[in-house]
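Take a look at the chain below before you start.

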Amino acid sequence: MHTQDVQKYFRTYLERNKYRATPERFDVLQAILSIKDHFDADELFLRMKNDGSKVSRATVYNTLDILTECAIVTRDHFGEKLARYELIYGNEPHHHIVCQSCGKIEEFIDKRVDRLARDAAQTMEYELQSGVLHIYGICSDCGSTSSRKESTK
Ligand SMILES: [Zn+2]
Ligand SMILES: [Zn+2]
């Protein structure tokens with residue numbers, strides 16, 4: 001994924017929707033591009049602040065709203081109060097499995113799920129916006145015994 005592509009896409013989106021294309025908004029985007037994981041808004045704000053950015057918390061929050069609107073990032077709660085974000089622009093669609101004990105989020109890619117989401121949306125006559133699957137469970141580190149049970153069958 002090219003940084004310039006996503007910047008150009010963001011700029012076009014801002015202009016079309018009458019948002020001001022301020023340098024701070026592009027700083028927020030830039031900071032997100034360097035994160036490879038799921039993050040929450042305060043984490044992003046603190047990371048930028050530690051890197052010497054003068055951007056305000058409010059700008060981080062409202063830029064995240066716009067970036068979510070135009071699908072550069074997605075926002076998900078993963079079963080918790082705190083919303084977490086991740087960069088999706090230019091990324092392959094992937095699904096999540098979340099440990100409800102330690103909060104770990106793991107990702108997987110499965111074309112069958114993508115196809116299922118598309119088919120279901122088509123059948124129900126919806127325009128598909130997100131076909132991302134979230135699965136909740138307890139990971140093996142936190143004491144899931146399902147793998148052991150299965151092997152004795
Ligand atoms: Zn766990
Ligand atoms: Zn993810």
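Helices here are DSSP runs of H or I at least four residues long, numbered from the N terminus. Keep in mind that this is a predicted model.

**Exercise 1.** Work out where Asn17 lies and whether Asn17 is buried or exposed.

*Solution.* 
- Step 1: Look at the helices around the residue. Helix H1 covers 3–16 and helix H2 covers 23–33, and Asn17 sits in the loop between them.
- Step 2: Asn17 has 10 other C-beta atoms within 10 Å, so Asn17 is exposed.

**Exercise 2.** Find how strand S3 and strand S4 run, and how many bridges join them.

*Solution.* 
- Step 1: Locate the strands: S3 is residues 95–99 and S4 is residues 105–108.
- Step 2: They run antiparallel, joined by 4 bridges.
- Step 3: Check the partners. His95 is opposite Phe108, while Val98 faces Ile105.
- Step 4: Now the turn. The two strands make a hairpin with 5 residues between them, and Gly103 there has a positive phi of about 80 degrees.

**Exercise 3.** Which residue in S5 is the bridge partner of Ile97?

*Solution.* 
- Step 1: S5 spans residues 134–137 and runs parallel to S3, with 4 bridges joining the two.
- Step 2: Ile97 has Ile135 as its bridge partner in S5.

Methods
Residues numbered from 1 in each chain as written. Chains lettered and ligands numbered in written order. Predicted model: local features only at pLDDT ≥ 70, side-chain atom pairs only at ≥ 80, totals over all residues. Pairing = 2+ DSSP bridges. Buried ≥ 20, exposed ≤ 12 C-beta atoms within 10 Å, placed from the backbone.
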